[in-house]
Amino acid sequence: MTRTRIRLDDLQGRVVRDADGRSVGRIFEIRAEEQGDDLVVVEYHLGSAALLERVGLSIMGLVGVNAAHVKKVPWDKLDISDPDHPKLLSSRA
Amino acid sequence: MKKGLQLALGILTAIGGFFDIGNLVTAAQAGATFRFQLLWPLLLGTIIVIFLVEMSGRFAAMSGKTIPEAVREHFGVRFWAVPFVVLVLLHLLTLAAEIGGIAFAMQLVTGIAFQAWVLPIGILIWLFLWRATFSAIEYSTASLGLVTLCFVVAAVMLHPPRADVLSGMLPSLPTDDAAKYWLYAVSIVGALIAPYLFYFYSSGAVEDEWDRTYVGVNRAVAVMGMSFGAVITAGLIVAAAMVLHPRHIGVESINQVAFVLTDTFPAWGFTLFAVSMAIACLGAALEVALSLAYTVSQTFGWRWGEDLEPAKDARFAMAYTCGVLLASLVMLLGLDPLKLTIYTMALNAMMLPVVSVPFLLLMNDGRIMHDRRNGPISNTAAALIVVLSFVLFVVSIPLVMLGS
Amino acid sequence: MHVMRELLDKQIVDREEEPVGRVDGIVAELRAGQPPRIVQFEVGFVPMARRIHRGLEGWSEKWHKRFGIRRSARYHIAWDDVIEENVHHIKVDVTAEETVAYDWERWLRRHVIGRIPGATREE
């Protein structure tokens, strides 16, 4: 069942799987942007570097991790209609 | 001028809030059983507390946020849920123990069984919280708390052997009864690093509207206040060592601790002890009850503040009211305040990782702390505290089982 | 803007910067061919319980049905009502006292706290 409204925080920590069912990583952060009056999701951040980013601490630098290590998935590449099971959409048309 | 006053007040408050039933029981037991040998956990615990209190104050001054607020916001409610529940329970147990301490003091002076005093004391504590402002509580616990200096006076007048006292400040291994030795060592540290102390201090800094200009005052308060409190606790260890140890009086009940002052003050030592214990525990009870209300209110984002009249923050008032009520009921069950204190202090020690680790991570966040983030000294201390806290987490409960 | 770090669990305040509650949940609208749009915050024990454990959400909802004072278990604040978002709080165009989030506060004030003498401190 596709819902039109979901709880965005349901995505936190969920494993993202690709079309073959393989794990791509866990969602730990979501980046959004203001476009006009709206706040829209721009990309999803996966992986342990994203977890550190979510906690938002400067220890990222301490453990030798920086923004480049974060796995980023653009909004149109993730199907979140079932937030408990986010699916990576194929980039092939 | 205002800062000078804040400094004086802060130091006094730190003394007043530092010494409570936990310190009293653990110090007396340590002195009575192991003489001066357990002065080193007091020293170690005091150093840890100075660092943690200084960081709590600095964090509040730079961010305008208290510890529970910051932990929920930065780590999320899923992380905070279980520690929050455990901390609430710890607060209730600690509050019950403090109420027990006051009740026992009343029993010592009047001879009337301590259970009869529990409800009146609960009502008194509640009345203070209901009517007083934060400053009024600060002033009263501060000035009245000075009576506990009698332990220092007693310690000095008993002429303890200086060499033995000094060697007690160095870590040593027990010659016998190792389980009890380490249990007492852990409990002394646990009595010093009780979570309510930091949570109360950080909320107090926000109630007093500290900003970045208070960072210096904060450092002075942390160092001097905690040191003074440690001196008083050391005084009790020494007095117990000089009075109880030679007579082989182990501390099986709080009654026995009262003898600590009778050698030095023959006529009114008993009464002086009772008064000191009552005042120290009352001050601590107020802090614990407030810390409980702060932690709950801040976790859920309610309006909070002791300076506000209860009608303006009904949920905050309800939190401390329920806290005092529940803690009083726990004490009415007839639990032995001594045993309750030992277990609670061990639990405090066990909770140190939960209290310290998230907080120490926050102290390094440049976005909040700006130029006042932890430097190498603070971070080294922080790292050592984290290591020690995990050691304590592992050993606390087994030691309680073995040592009793 | 990082949603989890900067919005979730953040303190919400009203126009006068009085505390309202915390962001316990964030609701987004899914749109075909367009990025998901954040539409509202959820504030309350029930949405908060969901984050901790789904079972806890069900349990707290049952509790709310039987004993709840609040007009609704989930207080919604539309993104459009957000005035300001900074490192300290999210300021929202409401009056705290009038919101669902204060239903318990007002009830306690009326039925418990307010009935005890001394609840208001006259100067």
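1. Strand S5 (residues 75-78) of chain C has a covered face, formed by Tyr75(C) and Ile77(C), and an uncovered one, formed by His76(C) and Ala78(C). Strands here are DSSP runs of E with at least two residues, helices are runs of H or I with at least four, and both are numbered from the N terminus. S5(C) runs antiparallel to strand S4 (residues 34-43) of chain C, and four bridges join them. Within S5(C), His76(C) is the bridge partner of Glu42(C).

2. On provenance, this is a predicted model, in which local features need pLDDT of at least 70 and side-chain atom pairs count only at pLDDT 80 or more, while totals for chains, interfaces and linings use all residues. Residues are numbered from 1 along each chain as its sequence is written, and chains are lettered from A and ligands numbered from 1 in the order in which they are written.

3. Chain C also contains an open sheet of four strands in the order S2-S1-S7-S6, with mixed pairing; two strands pair if DSSP finds at least two bridges between them. Strand S2 (19-22) and strand S6 (82-85) of chain C stand at the edges with a single partner strand each, so one side of each has no neighbour in the sheet. On average, neighbouring strands of this sheet are turned by 25 degrees against each other, direction ignored; the axes are lines fitted to C-alpha atoms. S6(C) is joined by three bridges to strand S7 (residues 90-92) of chain C, and the two run antiparallel. Lys91(C), in S7(C), is the bridge partner of Glu84(C).

4. As to the interface, 19 residues of chain C are in contact with 24 residues of chain A, contact meaning that the C-beta atoms of two residues, placed from the backbone, lie within 7 Å. Helix H1 (3-7), strand S3 (25-31) and S4 of chain C each supply at least two residues of the side of chain C that touches chain A. S3(C) gives the most to that side, with six residues.

5. Chain B has 19 helices and zero strands. Its radius of gyration is 20 Å, close to the 22 Å that the globule rule gives for 404 residues, so chain B is as compact as a globular protein of that length. The radius is taken over C-alpha atoms, and the rule is 2.2 Å times the number of residues to the power 0.38. The C-alpha trace of chain B spans about 55 × 45 × 45 Å along its principal axes. Among contacts in chain B between residues at least 6 apart in sequence, 86% join residues at least 24 apart.

6. Of the 404 residues of chain B, 59% count as buried (20 or more other C-beta atoms within 10 Å of the residue's own; exposed is 12 or fewer, partly exposed in between; C-beta atoms are placed from the backbone). Ala28(B), in helix H2 (residues 21-34) of chain B, counts as buried because it has 28 C-beta neighbours inside 10 Å. Not counting residues up to four places away in sequence, Ala28(B) touches Leu236(B), Ala240(B), Val251(B), Val257(B) and Val260(B).

7. Helix H14 (residues 269-300) of chain B has 32 residues, which should span 46 Å at 1.5 Å a residue; its end C-alpha atoms are 46 Å apart, which agrees. The expected span is 1.5 Å times one less than the number of residues. In H14(B), 28 of the 32 residues are buried.

8. Regarding confidence, chain B has a mean pLDDT of 90, and 98% of its residues reach 70 or more; pLDDT is the predictor's confidence in each residue, from 0 to 100. Among the elements of chain B, helix H1 (residues 2-18) has the lowest mean pLDDT (70) and helix H15 (residues 314-332) the highest (96).

Key:
Axes fitted to C-alpha atoms, helices over the stretch in contact; angles between N-to-C directions.
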